[in-house]
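Subject: Structure handover

Hello,

Please find the structure below. My notes on it come after.

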Amino acid sequence: GRRGLGFGAELKSQNDETISETLSQASPEDLLKYGLIPEFVGRLPVLSTLNELDEEALVKILTEPRNALVKQFCKLVEFEDATLRFTDGALKEIAALALEHKTGARGLRSIIEDIMLETMFDLPSTADVKEIVIDENVVHRKEKPILVYEKAS
């Protein structure tokens, strides 16, 4: 039997290359072929691509810059005379979630906001909270943050 119109053809899935791997193989000639003007292409000394961030890089983004998200949330909690602490496990879990959702660094804020929303809302009306601890269970299992209370003297 004749197979018309390619029915029954073997379907091959796209290879599992990431976009950055594909782009890193582009040459100046490819850019010209796709319509970029030679004057522009000539000014690109090296074609470089940004590799997708890994978990370690995302954890650094969460903690290291001057305006890092973790520092911003710690400041907010300080206004209520409490301290906020993210365990290393929690930071890794947050980074893993951002990777899983393929949102990269952009997704970190919404993940933390999601974790902190209820606590930030309740904090002003909760007396004697000394410390809020976010561990991997809070991130991964959606458990409530651990609240450490001031001892009543």
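Predicted model: local features only at pLDDT ≥ 70, side-chain atom pairs only at ≥ 80, totals over all residues.

Residues are numbered from 1 along each chain as its sequence is written, and side-chain values use heavy atoms, with hydrogens and water left out.

The largest nonpolar core has 28 residues (buried Ala, Val, Leu, Ile, Met, Phe, Trp, Tyr and Cys joined through side-chain atoms within 4.5 Å; buried means under 20% relative accessible area, exposed over 50%, partly exposed in between, with a 1.4 Å probe and protein chains only). Helix α6 (88–100) is among the elements that supply at least two residues each, and α6 gives the most, with six. Helices are DSSP runs of H or I of at least four residues, strands runs of E of at least two, numbered from the N terminus.

F86 has some of the most contacts inside the core. Leaving aside residues up to four places away in sequence, F86 touches V70, L91, I94, I112, M116 and I134 (contact means heavy atoms within 4.5 Å).

In α6, the buried residues are A90, L91, I94, A95, L97 and A98. They cover an arc of only 155° around the axis, so they lie on the same side of α6 (the arc is that of the directions from the helix axis to the C-beta atoms). D88 and E100, on the other side, are exposed.

T119 in α7 is buried at 11%.

Regards
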